[in-house]
Amino acid sequence: MQRQKIIAANWKMNGNLALVDTMTSELNSITFSNNVKVVICPSFVYLSALSVKIANENIKLGAQNFSEHASGAFTGEISADMLNEISASYVIIGHSERRSVFGETDIEIAKKVKVALANNLIPILCIGESEAERVEERTNAVLSKQLQPVIDEIGIESFKDVVIAYEPVWAIGTGKTASPEMAQETHQFIRQFLAKSNAVIAEGVSLLYGGSVNAANSEELFAQADIDGGLIGGASLKVDEFKIICSAAQGS
Ligand code: PGA
């Protein structure tokens with residue numbers, strides 16, 4: 001089956017209006033294959049500017065986080081309605097930095113996935129193990145524990161509208177990428193875990209790899225059977241490198 005290929009750019013707390021300009025002017029003119037989507041997730045401040053400048057139907061706008069609340073006294077938060085209004089269609093949920101730095105729990109993350117879906121936002125649900133968990137051979141147990149509350153909250157059928165990003169914490173921003181074989185093995189585990197609840201749904205879910213993806217390693221990673229694209233941090237801030245990563249998804 002032809003799964004949707006997705007290259008998502010997670011700018012984190014980086015970037016500026018100049019990057020919005022150069023990134024959109026370079027990417028807008030690319031002809032992407034039908035099954036490839038490029039999702040740019042800048043800081044909230046730049047969402048509107050990007051929204052106006054994106055002029056390519058394969059390029060979508062995404063947020064890095066949002067509130068599970070609809071509105072009200074939540075200083076510093078952003079709602080799903082606000083994201084809808086500026087035409088964002090994706091939202092990253094449960095990034096490891098949100099989990100470790102901001103204390104988001106599996107349960108809160110599951111609720112956010114539900115609220116995103118209820119508001120027609122496609123969640124990019126991030127999961128991944130720490131270095132210690134990998135060394136102690138607890139990777140699969142950790143991933144199961146992160147996924148199960150989401151399955152319980154939204155039901156497996158709703159995963160037809162969910163994107164999952166597997167990001168080993170030890171590979172994020174470190175330059176230490178999982179080998180293509182290791183990444184594939186873990187992606188296969190994630191798909192098999194979902195398949196225990198519904199094999200057809202599991203087969204259709206786009207599973208992205210994240211963690212030090214760059215121009216040199218993207219092609220081999222994306223060529224793996226269960227890797228359907230990537231969530232790109234550092235390399236998504238460099239226009240030329242990001243274009244190479246996008247073209248690696250086209251060919252995979
Ligand atoms: P990185 O970040 O590509 O810089 O490792 C990935 C991410 O955190 O989503």
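This is a predicted model: local features need pLDDT of at least 70, side-chain atom pairs count only at pLDDT 80 or more; totals for chains, interfaces and linings use all residues.

Biologist: How much of the ligand's accessible area does the protein cover?

Modeller: An oxygen atom of the ligand is 2.6 Å from an N or O atom in the side chain of Lys 12, and a backbone N or O atom of Ser 212 lies 2.7 Å from a ligand oxygen. Gly 234 also places a backbone N or O atom 2.8 Å from an oxygen atom of the ligand. On its own the ligand has 280 Å² of accessible area, and the protein covers 96%.

Biologist: Ser 212 has a positive phi. Is Ser 212 buried or exposed?

Modeller: Most residues other than glycine have a negative phi. Phi of Ser 212 is near 55 degrees, and this residue sits in the loop between strand E7 and H10. Its relative accessible area is 15%, and buried means under 20%, so Ser 212 is buried.

Biologist: And Glu 137, is that residue buried or exposed?

Modeller: Phi of Glu 137 is also near 55 degrees, and the residue lies in the loop between helix H6 and helix H7. Exposed means over 50%. With a relative accessible area of 73%, Glu 137 is therefore exposed.

Biologist: How far apart are the end C-alpha atoms of helix H11?

Modeller: Helix H11 has 13 residues, 239-251, so at 1.5 Å a residue it should span 18 Å.

Technical notes. Residues are numbered from 1 along each chain as its sequence is written. Side-chain values use heavy atoms; hydrogens and water are left out. A polar contact is a pair of N or O atoms within 3.5 Å; within protein, one must be able to donate a hydrogen and the other to accept it, and residues adjacent in sequence count only if both atoms are side-chain atoms. Accessible areas come from the Shrake-Rupley method with a 1.4 Å probe; for residues, only the protein chains shown count as cover. Helices (H or I, at least four residues) and strands (E, at least two) are DSSP runs, numbered from the N terminus. The expected span of a helix is 1.5 Å times one less than its number of residues. Buried means under 20% relative accessible area, exposed over 50%, partly exposed in between (1.4 Å probe, protein chains only).
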